[in-house]
Amino acid sequence: LFQTSVVAYTLTKPNIFQKALLRMGHGKSLREQVVERYFDGVRQQNRDQIISCFPYETGTKIRDVCGVSKSERVATPDQLGDRCIEFLAAHPDTKVLFHYPTTCGRGSNNRWVFAHWYEEGTWKGISEGIE
């Protein structure tokens, strides 16, 4: 599981007005749509859709919130897409389920989108070198 701060991208990149709203902490529905599109990409096992949710310009700061290390690093969209597809190949029947739906943080300067989610499925292959 990764905790990420995601710059919202729509199926097409945001226009100037949308970018301004996002910079000011508005555009909450745009941010929620990006995270929902990410999870839809996971459900469909669609790498292109998954990587479209992350910015190429800056990368994405990630932290493995379930792992031993709490260190952060910057990952490219391709790295995130490849890792997700590797996981899905090892868990081909993965289903993403939600305790709480995708929700953008409240307040004008809050840019976080959160969702309390989990996956169910059968481990059938190699993921991160573990079989």
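Predicted model: local features only at pLDDT ≥ 70, side-chain atom pairs only at ≥ 80, totals over all residues.
**View 1. Salt bridge between arginine 47 and aspartate 78.** The closest N and O atoms of arginine 47 and aspartate 78 are 3.0 Å apart. The pair links distant parts of the chain, 31 residues apart: arginine 47 belongs to helix 3 (residues 47-51) and aspartate 78 to helix 4 (residues 77-90). Arginine 47 counts as partly exposed because its relative accessibility is 25%. Aspartate 78, at 30% relative accessibility, is likewise classed as partly exposed.

**View 2. Salt bridge between lysine 61 and glutamate 72.** The side chains of lysine 61 and glutamate 72 meet at an N to O distance of 3.8 Å. Lysine 61 is located in strand 2 (residues 60-64) and glutamate 72 in strand 3 (residues 72-75), so the contact ties together parts that are 11 residues apart in sequence. With 48% relative accessibility, lysine 61 is partly exposed; glutamate 72 is also partly exposed, at 46%.

**View 3. Salt bridge between glutamate 86 and arginine 83.** An N to O distance of 3.0 Å separates the side chains of glutamate 86 and arginine 83 in this salt bridge. Both residues lie in helix 4, and because they are three residues apart, about one helical turn separates them. Glutamate 86 is partly exposed at 30% relative accessibility, and arginine 83 is partly exposed with a relative accessible area of 23%.

**View 4. Network of Arg47, Asp78 and Asp82.**

How values were computed: Residues numbered from 1 in each chain as written. Heavy atoms only, no water. Salt bridge = Lys/Arg side-chain N within 4 Å of Asp/Glu carboxyl O. Helix = DSSP H or I, 4+ residues; strand = E, 2+ residues; numbered from the N terminus. Buried < 20%, exposed > 50% of the residue type's maximum accessible area, 1.4 Å probe, protein only.
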